[in-house]
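The following report describes the architecture of a two-chain model.

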Amino acid sequence: MIDHKHQDIDAATGTATTGHEWDGIKELNTPLPKWWLYVLYATMIWSVGYWILYPAIPLPSGATRGILGWSMRSAVTQDLAELRADRAPMVNELNKSTLQQIASDPKLAEFARAYGHSAFGVNCAPCHGANGQGSKGYPNLTADRWLWGGTLDQISATITHGARYGDPDGHQGDMPAWGSQGLSKQQIDDVANYVYSLSNKTTDDVSAGKKVFADNCTPCHGADAKGNPDMGAPNLTTKIWLYGGDKDDLIQTITYGRGGHMPAWGAKLDPATIKALTVYVHSLGGGQ
Amino acid sequence: MSATPAPNVKNPAPAPAGTEKISLYESRQQIYPQSVSGRFRNIKWALLVGGMLLYYFLPFLRWDRGPDLPAQAVLVDLTNGRFYFFGIEIWPQEVYYFTGLLILAAFTLFLMNAVAGRVWCGYLCPQTVWTDLYLLVERWTEGDRRERMIKAKKPWTPRTLAETALKHFLWLLIAWWTGGAWVLYFADAPTLVKQLATLQAPAQAYIWIAILTASTYLLAGFAREQVCLYMCPWPRIQAALTDEYALNVTYRVDRGEPRASVKKAIALREDGKPAGDCVDCGQCVAVCPTGVDIREGLSMGCIQCGLCIDACDNVMGKIGRPTGLIGYDTDINVHRRAEGLPALKPKLVRPRTLIYLALILGVAAAMGFTLATRRSLGCDVMHDRNPIFVMLSDGSIRNVYTVRVLNETGYERKFYLSLAGLPVGKLSVMGEPAGGGKGVPIIAPPNQTLELRVTVTTPADAQLPQSTPIQMVLTDAKTGETVKKGDYFKAP
């Protein structure tokens, strides 16, 4: 309680007290400046402005909208539109230029790589990994071998039309399941031994498998087993194996066949993004 | 504050009989500081002129750094993330130099406090300096203390209205120039001045000028001592840091009391009775910019500007008494004089000042040393994490690194990037031709960071452990300056 009847002066300090007293302890009155109080009132009035301008009061039917009509969603939309506007000149350059022109212009290539990296993270990383490192069944894009070719134009075609994805211009051709198409278990074992010997040192006699290979596999993989990018037939003489290079893996592949899908991105992504993706993937370390 | 000689009479004074209402908020008492002349006033004028000339004209000082870099001596280039200070150029990653500067500033403030209390507040604080300038304008347009007090009580006349309008116009002019000079530190000053004059400067420049004009006008024109009394943290910190050796503006109670008028004092002295030198003329209070009565002892409101010393010395001179009734003195002497002991000389050399000085010199020397010996090039190596290595078709292993080459000079430089610690490894830079014996040649553009994708490849039969420490070596083709950066080569 404030005692308004008498002003109480504290003997030790000569300062007036507020009149508040707790068990004999009194509070000295050290008054705040009035303007300080007015600043507090001003901030209160200021806060009312927020209620009016922005979404503020939660109601059963949703929060009040505020007269500015601001929402987080519209703010994001606006930010994205600004971002697109910022990028527009460079994106137009991508649209106008050929892949070779983009790759040879340092500034445009840098933009394409950054733009492609971001598009890669959204669209490609689920299968090919964050930096194109791939995994079993999903090609590593950073190494120096390509199923469907590693030039700019070949990469672009693969991204646009995909593989085994229903696009008539896309890559076709499967690895047949030889276990149900005329090869016996012994023949499969022999040819797996032969294929294994192509990239590994081995002292086994692989002549039986070599014959099986010559009779069945050369149309796609070639007599020298170096593959054919037009058919997506991998080079079997290297250390790079999409489905694993152990004998067990090879037997599995030969017996049951292989044929992964690559979506045809031409229907989903605009040309500039595909160009940027191409330049980015080409720059990952394996581009030809 | 430490012990005070006079009884500490704090506001609010006991209310007169009949008006015993207690308020928890107090109205501001307008202060009308009177003009004064003297030693400390002159020091303050000199610091004001010097400081303002420095502040207003420093952005126009030129400093040649070559054709590709700005020629402004002091420039904060926010767009490109560079800070230029004469021959020194700071990049964002070297922001610790600012930490060093802040540490230096803090210890300098502490040292100033150990020597002479709130000397910063009284002489150098921008709030004090700008308020001083505003008060000069106020006196020039509206008259000195007495005139302003009289005019404040009377209704407006065309004359007072014109004077006040002129005052506010001049205040705004100073405030505008203050804000205007501030933005000049963030862009090429002559160019920006031209743009401002032709209304073609960027919007931020106008916004910042408006903000700083408003704050200067408000703080120096209106808030004044309220900033020191209620807003600034330094008086509170200072009160906890100060000690009994610090020189503070002090009223000599032993000389001043008992107070008496000039005639009465003479009469008393003739009778052999005690009579102080203080004639209670109130000049010390009249000149005080914060409205403090120094005779009540040291208080939170006193900014130690020394103007009351000038005022009192002038009065003592006129009445033929020795000057120094108010002067810089230590708390030790306040107590010694109260006990009738002779005053001691102020002790400047003592552990506290020496420690502060040692810390200041230590930090300054460390900063000076790192600045003097820092390299003009930098190199950062980041190993690609995913994949950490790639096996190529022939079984060889490749690691990819992102290497950042920082050329911190204003001219283009040629470097060689080479590999150490892995004799079987071959280093190449994506998009660059293969290098010779010295390494891969790199052209680094001036004052920029060049980002390179670097591969290191080892043959299939290298038989490397999972991790081998390597070094990227960057060598200046001309000077041979070298920087090495360690990383690892990863294998299956």
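A residue is called buried here if 20 or more other C-beta atoms lie within 10 Å of its own, and exposed if 12 or fewer do. The model is predicted, and every value below is computed from it.

By the burial criterion, helix α11 of chain A is mostly covered, with 11 of its 12 residues buried.

Helix α7 of chain A, residues 185–199, has 15 residues and reaches 22 Å between its first and last C-alpha, close to the expected 21 Å. Buried residues in α7(A) are A:Q187, A:I188, A:D190, A:V191, A:A192, A:N193, A:Y194, A:V195 and A:Y196. What covers them includes α8 (207–216) and α10 (247–256) of chain A.

**Domains and order of elements**

Chain A is assigned domain 1 (73–169 + 262–282) and domain 2 (178–256). The C-alpha centres of these two domains of chain A lie 33 Å apart. Their contact takes 10 residues from domain 1 of chain A and nine residues from domain 2 of chain A. On the side of domain 1 of chain A that touches domain 2 of chain A, there are six nonpolar, two polar and two charged residues.

Chain A has 11 helices and three strands. Read along the sequence, its pattern is β-β-β-α-α-α-α-α-α-α-α-α-α-α. The radius of gyration of chain A is 36 Å, well over the 19 Å that the globule rule gives for 288 residues, so chain A is more spread out than a compact globule.

Chain B comes to 16 helices and 15 strands. Its division is into domain 1 (1–30 + 244–343), domain 2 (39–241) and domain 3 (377–490). The C-alpha centres of domain 2 of chain B and domain 3 of chain B lie 49 Å apart. Between these domains, six residues of domain 2 of chain B are in contact with five residues of domain 3 of chain B. The side of domain 2 of chain B that touches domain 3 of chain B divides into two nonpolar, one polar and three charged residues.

**Overall dimensions**

For chain B, the radius of gyration is 33 Å, whereas a compact globule of 492 residues would have one near 23 Å.

| Chain | C-alpha extent along the principal axes |
|---|---|
| Chain A | about 120 × 50 × 45 Å |
| Chain B | roughly 115 × 60 × 45 Å |

Of the 288 residues of chain A, 30% count as buried; of the 492 residues of chain B, 27% do. Among contacts in chain A between residues at least 6 apart in sequence, 54% join residues at least 24 apart. In chain B, residues 24 or more positions apart account for 69% of the contacts with a separation of 6 or more.

**Nonpolar cores**

Which residues touch the most other members of the largest nonpolar core? They are B:C308 and B:I326, in a core of 37 residues. At least two residues of this core come from each of α2 (96–116), α3 (119–124), β5 (248–251), α13 (283–286) and α14 (307–319) of chain B. The largest share, six residues, is supplied by α14(B). At least three residues of this core are drawn from each of domain 1 and domain 2 of chain B. Not counting residues up to four places away in sequence, B:C308 touches B:V249, B:C284, B:V287, B:C288, B:I294 and B:I326. A second, separate core of 26 residues includes A:V91, A:I102, A:F111 and A:W265.

**A loop residue of chain B**

B:D243 is placed in the loop between α10 (234–241) and β5 of chain B. Is B:D243 buried or partly exposed? B:D243 counts as partly exposed because it has 14 C-beta neighbours inside 10 Å. B:D243 and B:K154 are 89 residues apart in sequence, and their C-alpha atoms are 46 Å apart in space.

Conventions
Residues are numbered from 1 along each chain as its sequence is written. Chains are lettered from A and ligands numbered from 1 in the order in which they are written. This is a predicted model: local features need pLDDT of at least 70, side-chain atom pairs count only at pLDDT 80 or more; totals for chains, interfaces and linings use all residues. Helices (H or I, at least four residues) and strands (E, at least two) are DSSP runs, numbered from the N terminus. Domain bounds come from an automatic or database domain assignment. Two residues are in contact if their C-beta atoms, placed from the backbone, lie within 7 Å. Ala, Val, Leu, Ile, Met, Phe, Trp, Tyr, Cys and Pro count as nonpolar, Asp, Glu, Lys and Arg as charged, and the others, Gly among them, as polar. The radius of gyration is taken over C-alpha atoms; the globule rule is 2.2 Å times the number of residues to the power 0.38. A nonpolar core is a set of buried Ala, Val, Leu, Ile, Met, Phe, Trp, Tyr and Cys residues joined through C-beta atoms within 7 Å. The expected span of a helix is 1.5 Å times one less than its number of residues.
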